[in-house]
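Please look at the sequence and the 3D structure shown here before reading on. The explanation after them goes from the whole chain to single residues.

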Amino acid sequence: MKNIIGILGGMGPAATADMFQKFIQFTPAHCDQEHIPLVISSIPDIPDRTTSILHGGESPLLAMEERIYGLENAGAKCILIACNTAHYWYDELKEKCHVDMLNIIDSTINEVLQMGKTKIGILATDATLATKLYQKTLEKYGLICLLPNEEHQKSVMESIYLYKSGEIQKAEELMLIQRDELIRHGAEVIILGCTEIPLILKNAMREQPTLYEDSTAALVRAAIHWYQTH
């Protein structure tokens, strides 16, 4: 068997399943045996990342380290983290990791840079925006980052947590309003910088696929490239 890819998921489970589904969708396989071997950890008791970063809640770092060790022990040779906000701890996790680890932020920005757009909207969690996981690199390349204002960002977070609680239609309605605000302010492409948001906006993405940069999809494409070259 070729190199196994491990997915550190559970943040949340639906986003983890979406990443798995995208591996199946994007892999140029003609039979079961040609698909990429995956080991998936979807144990959802990892402490909330935004609460930890912004409100002094319990750190998820130890739990994520334990899951990564489990993936390594299961044979994974490359690790993916199916959560944007969790990449706040990426450097610490990579230091403890004994195998390759890909970065969802870098993978997403690499694709954005190829689009040739200059005004980039970002829909993400409070913590992802507050820690400037995307803005730092995008601005280094001279791109303009457009973010929701404080009131609209509250609605972004409400939408994410509504989706996590199963209120999918309400989540979609709220997120579409925030999307429209970014477009109104000139966004040429919108980064979906939380792994729940591609699920929330899946209908809108089908209607206007070139408007969005799906961070989950970007990481999966980077992982498929890793697999094909190792």
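Predicted model: local features only at pLDDT ≥ 70, side-chain atom pairs only at ≥ 80, totals over all residues.

Residues are numbered from 1 along each chain as its sequence is written, and side-chain values use heavy atoms, with hydrogens and water left out.

The protein is divided into domain 1 (5-103 + 217-228) and domain 2 (105-215); these bounds come from an automatic or database domain assignment. Taken over C-alpha atoms, the centres of domain 1 and domain 2 are 20 Å apart.

In the interface, 23 residues of domain 1 are in contact with 26 residues of domain 2, contact meaning heavy atoms within 4.5 Å. The size of an interface is often given as the accessible area lost when the parts come together. Between domain 1 and domain 2 the buried area is about 1,800 Å², with 51% of it from carbon and sulfur atoms; buried area is the accessible area (1.4 Å probe) that two parts lose on being put together, summed over both. On the side of domain 1, N84, N103 and A218 supply 34% of the area buried against domain 2, more than any other three residues.

Two salt bridges are counted between domain 1 and domain 2. A salt bridge is a side-chain nitrogen of Lys or Arg within 4 Å of a carboxyl oxygen of Asp or Glu. E111 forms a salt bridge with R221, and their closest N and O atoms are 2.7 Å apart. The elements that give two or more residues to the side of domain 1 touching domain 2 are helix 1 (13-26), helix 2 (49-55) and helix 12 (215-228). Helix 12 gives the largest share, five residues. Helices (H or I, at least four residues) and strands (E, at least two) are DSSP runs, numbered from the N terminus.

Is T195 buried or exposed? T195 lies in the loop between strand 7 (189-192) and helix 10 (197-200). T195 is buried, with a relative accessible area of 1%, where buried means under 20%, exposed over 50% and partly exposed in between (1.4 Å probe, protein chains only). Leaving out residues up to four places away in sequence, T195 touches M11, A15, A82, C83, N84, I104, S215 and T216. A polar atom of the T195 side chain lies 3.2 Å from the backbone oxygen of A82.

R184, found in helix 9 (residues 168-184), is exposed, with a relative accessible area of 59%.

Terms used. Polar contact = N/O pair within 3.5 Å; in protein donor to acceptor, adjacent residues only side chain to side chain.
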